[in-house]
Amino acid sequence: RAVLLTSTMVHGAGPDNPVPMPEDSEVRPEAGPGLVGDWVEIEDLACRARRAHPGLSVTVVRPAPLVGPGLDTALTRHFAAPRLLTVRGREQRWQFCHVEDLAGALEHVVVHGVEGRGGALAVGCEGALEQAEAEEIAGLRRFDVPANLAFGATQRLHSAGLTPASAAELKFLVYPCVVDCATLRESGWRPAYDNAGALQALLDARSGKSALVGRNVGRKEVTITAASAAGAAAAVIGTAAAMRRLRKRRGR
């Protein structure tokens with residue numbers, strides 16, 4: 001028996017996603033290279049292995065976005081920024097998975113032989129946090145921008161190598177991807193963390209760290225940027241500065 005670890009992100013994030021999605025929902029991420037594409041590819045190989053080797057059992061375990069000590073991801077950097085970027089007219093819903101809950105779920109799957117629907121199951125906190133709840137816990141305000149500005153600027157910066165996150169990855173920070181962990185719940189497993197507790201764990205792990213435009217930066221840089229913003233979001237100022245830097249680089 002094999003247990004394959006991927007992510008709920010294989011379902012894709014979108015403004016019209018139901019909250020929650022059934023864990024056997026279609027796998028439909030953004031096309032193109034990247035970690036999510038790798039997960040989709042390895043899941044496809046797992047499906048082929050099941051068909052080619054009827055005696056082989058492959059269970060795909062898909063955790064929600066992970067939080068916990070030592071993690072440095074687009075998600076953790078999102079909550080280390082001076083403001084939380086949101087897309088105008090859309091409300092984000094947040095679902096997390098603490099690494100300790102993931103470890104417990106993997107043990108449960110192996111010990112109890114849990115297979116999942118269609119050979120796949122989700123792991124995460126029950127339900128989802130609304131954007132306003134996440135802002136209150138994080139002590140951060142949102143910065144609302146049109147979708148074309150958010151995704152267009154992000155993709156240009158990513159293409160120029162100035163920010164690690166692509167526009168496709170940004171979707172998971174502004175659109176919901178919440179999955180019902182029905183199989184584990186029905187098998188008797190429960191997470192130790194709820195979404196509020198998991199978000200607090202993320203914030204505790206990121207304490208003293210700051211990020212702008214998806215990059216880790218020093219506290220002094222954030223302070224200077226925020227002070228010069230004159231009430232605008234520091235994220236937008238950081239984007240403008242990065243674009244100026246790009247133009248100067250091209251002019252050399």
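**Reading a predicted fold, feature by feature**

Me: Where does Pro22 lie?

Reply: In the loop between β1 (2-5) and α1. Keep in mind throughout that this is a predicted model.

Me: Is Pro22 buried, exposed or partly exposed?

Reply: Read the relative accessibility. Under 20% is buried, over 50% is exposed, and partly exposed lies in between. Pro22 has 40%, so it counts as partly exposed.

Me: How far apart are Pro22 and Val179, in sequence and in space?

Reply: Take the two separations side by side. The sequence gap is 157 residues, while the C-alpha to C-alpha distance is 6.0 Å.

Me: What joins Val19 and Pro20?

Reply: For a peptide bond, look at omega. Here omega is about 0°, and the bond between Val19 and Pro20 is cis. Pro20, like Pro22, sits in the loop between β1 and α1.

Me: Now the chain as a whole. How many helices and strands are in it?

Reply: The chain has 10 helices and 11 strands. It runs to 252 residues, and 44% of them count as buried.

Me: Which residues does Ala122 contact, leaving aside neighbours within four places in sequence?

Reply: Thr8, Glu23, Arg62, Val179, Asp180, Cys181 and Leu184.

Me: How do I describe two packed helices?

Reply: Use the angle between their axes and the distance between the axes. Take α4 (residues 131-138) and α8 (residues 195-205): the angle is about 40°, and the axes are 10 Å apart. The pair is therefore oblique. Its crossing is right-handed.

Me: Which residues make the contact between α4 and α8?

Reply: From α4, Ala134, Ile137 and Ala138; from α8, Ala196, Leu199, Gln200 and Leu203. By class, that contact has 6 nonpolar residues, 1 polar and no charged ones.

Me: What about the interior? How many residues has the largest nonpolar core?

Reply: It has 35 residues. Those with the most contacts inside it are Leu75, Phe79, Trp94, Phe96, Phe151 and Leu199. Next, ask what supplies the core. Elements giving at least two residues each are α1 (35-52), β4 (84-87), α4, α5 (147-159), α6 (167-174) and α8. The largest share is 5 residues, from α6. Another core, of 11 residues, lies apart from this one; Val61, Cys97, Val109 and Trp189 are among its members.

Me: What is Leu75 in contact with, beyond its neighbours within four places in sequence?

Reply: Pro65, Leu66, Val67, Trp94, Phe96, Leu173 and Leu202.

Me: Which strand holds Leu85?

Reply: Strand β4. Beyond four places in sequence, Leu85 is in contact with His78, Phe143, Val145, Ala150, Leu170, Leu173 and Val174.

Me: And how far apart are Leu85 and Arg141?

Reply: They are 56 residues apart in sequence and 8.9 Å apart in space, C-alpha to C-alpha.

How values were computed: Residues numbered from 1 in each chain as written. Predicted model: local features only at pLDDT ≥ 70, side-chain atom pairs only at ≥ 80, totals over all residues. Heavy atoms only, no water. Axes fitted to C-alpha atoms, helices over the stretch in contact; angles between N-to-C directions. Helix = DSSP H or I, 4+ residues; strand = E, 2+ residues; numbered from the N terminus. Parallel < 35°, antiparallel > 145°, perpendicular 65-115°, else oblique. Left-handed = near helix turned anticlockwise from the far one by under 90°. Contact = heavy atoms within 4.5 Å. Nonpolar A, V, L, I, M, F, W, Y, C, P; charged D, E, K, R; others polar. Core = buried A, V, L, I, M, F, W, Y, C linked by side-chain atoms within 4.5 Å. Buried < 20%, exposed > 50% of the residue type's maximum accessible area, 1.4 Å probe, protein only.
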